[in-house]
Amino acid sequence: MNEEQYIAFDAYLQGELKGEELQSFEHKLLNDAGFKTAFQDYADVEQSLKSSIEHASKEKELRATLNTLRNQEKPSENSSVFSIKRYVWMGVAASVLLLFSVYIFNDVDPPSYAEYAMHQPLEVGVRGTTNTSSNAAEEAFNSKDYQTAVHELRLLLGTSPENVEWQLYYGISLIETDRIATALTILEPITSGASVYKHTAQWYTALGYLKSEKLEWCKSALEKIPSEASEFEKAQELLDRL
Amino acid sequence: MAVKHSDHKYIEALIQNNARVLSELYRKFTPKVVRYISKNNGDYDDAQDIIQESLVTIYHQAVEKGLLLTCPFDAYFFLVCKRKWLNELRKRGRKEVTFLDEITSISKEEIAMAEDTLLYEQKSELIDLMFTQLGSKCQEIIKAAFALKSMEKVAKQLGVTYGYARKKKSQCIGQLTKLVRNAAEFDQLKND
């Protein structure tokens with residue numbers, strides 16, 4: 001396909017061809033199947049780009065509305081019997097907490113996920129290249145917009161399912177958005193693999209359990225982090241506190 | 001002549017970002033999708049992601065291609081979400097759990113509409129993906145061309161002549177067309 005032809009396609013789409021030029025262009029469209037296909041492909045691509053760029057801000061507004069609706073139909077988690085039980089437990093927990101805070105000091109606060117959730121920034125963009133999706137993922141993750149990060153990383157993984165770094169950050173973003181069960185299934189193959197992210201994935205597996213308050217599982221995940229791992233020290237510290 | 005179904009109001013609600021009608025859409029049509037995904041290796045949030053992405057796809061198909069709904073929204077929407085979820089499961093390397101759907105009677109028309117939407121999505125995703133493979137100059141000029149809507153402004157913004165901006169834009173779209181065609185052919189080969 002030569003450059004002149006693309007220029008002609010563009011001129012035709014802009015309605016700039018006149019007189020003889022226009023006639024000969026349309027004659028070719030009718031009689032030359034290869035030319036017709038080439039033009040249609042070009043026009044399809046142009047239309048798709050045009051529409052997605054022009055509607056990008058409307059899409060954002062629509063997503064904002066949809067975000068407010070996403071939990072509208074969420075089934076309530078407990079029947080009334082359970083919630084009474086729950087209140088009792090909450091009462092017990094509250095009084096225990098009160099007792100502790102009266103008699104003992106800060107040290108005994110149970111470790112929380114938030115204290116340990118400090119992530120290395122995601123740096124996927126190779127300098128000098130621009131990849132919209134990877135930049136968007138990086139931007140979202142590093143600015144703690146994990147909902148968007150999940151979406152962007154999922155897109156990236158759709159094209160490169162083997163990219164372990166993206167898998168790891170997908171896992172972290174899922175933990176951040178409370179999709180812990182899914183996160184663990186993403187992290188599991190990394191922990192048993194041979195990549196440099198192996199121990200980091202193990203650490204995040206533990207944090208996933210910590211966040212969902214499965215402390216025994218958290219402990220056993222931490223115990224699997226070997227002394228040569230860079231996460232070893234914080235793993236030991238967290239183990240001590242548990 | 002295709003006749004517009006009364007449920008086309010949901011498509012219009014997406015175009016107009018009408019929160020009241022969209023809330024009705026969520027109430028009527030999403031619980032089924034949530035139940036399906038929850039029974040099939042997913043959770044509530046997965047289902048909500050799939051629902052949102054499906055609605056955004058339908059929105060784009062509507063504004064770009066003038067999608068006209070000629071069948072009930074219910075089965076059409078369910079099919080779109082279901083297929084998207086099965087693709088997602090494949091990406092995650094998980095197997096589909098097979099069981100009977102709640103929707104038992106699906107007409108040919110509903111299947112065809114859902115397939116149209118999924119095909120539209122596939123094509124747009126491919127174009128977006130290949131767009132990221134273009135050089136940064138090409139990406140820049142294409143974005144500017146459609147955002148500014150005037151090639152004079154584009155030329156000014158990028159500090160090039162009008163003639164060069166025009167030529168470059170058509171070349172870049174041409175290059176993208178080629179990338180998309182090659183990738184589509186490649187995919188077809190893989191599917192055989």
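Of the 192 residues of chain B, 34% count as buried. For chain A, which has 242 residues, the corresponding figure is 27%. Please bear in mind throughout that this is a predicted model.

Let me stay with chain B for a moment. Chain B is built from eight helices and contains zero strands, so the order of elements from the N terminus on is simply α-α-α-α-α-α-α-α.

Read along the sequence, the pattern is α-α-α-α-α-α-α-α-α-α-α-α-α.

Before turning to details, a word on confidence. The mean pLDDT of chain A is 82, and 82% of the residues of chain A reach 70 or more. Two stretches call for caution. Over residues 78–83 of chain A the pLDDT is below 50, and beyond near neighbours in sequence this stretch has two contacts in the model. Residues 101–107 of chain A also have a pLDDT below 50, and beyond near neighbours in sequence they have zero contacts in the model. Where pLDDT is low, the predicted coordinates should not be read in detail.

I turn now to the interface. How many residues does each chain bring to the contact? Chain B gives 46 residues and chain A gives 42 residues. On the side of chain B that touches chain A, the elements that give two or more residues are α2 (19–38), α3, α5 (108–131), α6 (136–148) and α8 (162–191) of chain B. The largest share of that side, twelve residues, comes from α8(B). By class, the residues on the side of chain B that touches chain A divide into 19 nonpolar, 14 polar and 13 charged.

Two packed helices are described by the angle between their axes and the distance between the axes. Helix α4 of chain A, residues 56–69, packs with helix α3 of chain B, residues 44–65, at an angle of about 145°, and their axes are 11 Å apart. The crossing of α4(A) and α3(B) is right-handed. From α4(A), the residues that make the contact are A:Glu59, A:Leu62, A:Arg63 and A:Leu66, and from α3(B) they are B:Gln52, B:Leu55, B:Val56 and B:Tyr59. Sorted by class, this contact has five nonpolar, one polar and two charged residues.

A second pair lies within chain A. The axes of helix α7 (residues 132–142) and helix α8 (residues 146–159) of chain A come within 8 Å and cross at roughly 150°. α7(A) is therefore roughly antiparallel to α8(A), since angles over 145 degrees fall in that class. The crossing of α7(A) with α8(A) is left-handed. On the α7(A) side the contact is made by A:Ser133, A:Ser134, A:Ala136, A:Ala137, A:Ala140 and A:Phe141, and on the α8(A) side by A:Thr148, A:Ala149, A:Glu152, A:Leu153, A:Leu155 and A:Leu156. In terms of class, the contact of α7(A) with α8(A) has eight nonpolar, three polar and one charged residues.

The loop between these two helices of chain A holds A:Lys144. Phi of A:Lys144 is near 65°, a positive value in a residue other than glycine. Most residues other than glycine have a negative phi. Is A:Lys144 buried or exposed? A:Lys144 is exposed, because 12 other C-beta atoms lie within 10 Å and a residue with 12 or fewer falls in that class.

B:Asn17 has a phi of about 55° although it is not a glycine. B:Asn17 is placed in the loop between α1 (8–16) and α2 of chain B. With 17 C-beta neighbours inside 10 Å, B:Asn17 counts as partly exposed.

B:Gly66 counts as exposed, with 8 C-beta neighbours inside 10 Å. Which distance in space separates B:Gly66 from B:Ile11, C-alpha to C-alpha? The two are 9.9 Å apart in space, and 55 residues apart in sequence.

Definitions and conventions: Residues are numbered from 1 along each chain as its sequence is written. Chains are lettered from A and ligands numbered from 1 in the order in which they are written. This is a predicted model: local features need pLDDT of at least 70, side-chain atom pairs count only at pLDDT 80 or more; totals for chains, interfaces and linings use all residues. Helices (H or I, at least four residues) and strands (E, at least two) are DSSP runs, numbered from the N terminus. A residue is buried if 20 or more other C-beta atoms lie within 10 Å of its own, exposed if 12 or fewer, and partly exposed in between; C-beta atoms are placed from the backbone. Axes are lines fitted to C-alpha atoms, for helices over the stretch in contact, and angles run from 0 to 180 degrees between N-to-C directions. A crossing is left-handed if the near helix is turned anticlockwise from the far one by less than a right angle, and right-handed if clockwise. Two residues are in contact if their C-beta atoms, placed from the backbone, lie within 7 Å. Ala, Val, Leu, Ile, Met, Phe, Trp, Tyr, Cys and Pro count as nonpolar, Asp, Glu, Lys and Arg as charged, and the others, Gly among them, as polar. pLDDT is the predictor's confidence in each residue, from 0 to 100. Angles under 35 degrees count as roughly parallel, over 145 as roughly antiparallel, 65 to 115 as roughly perpendicular and the rest as oblique.
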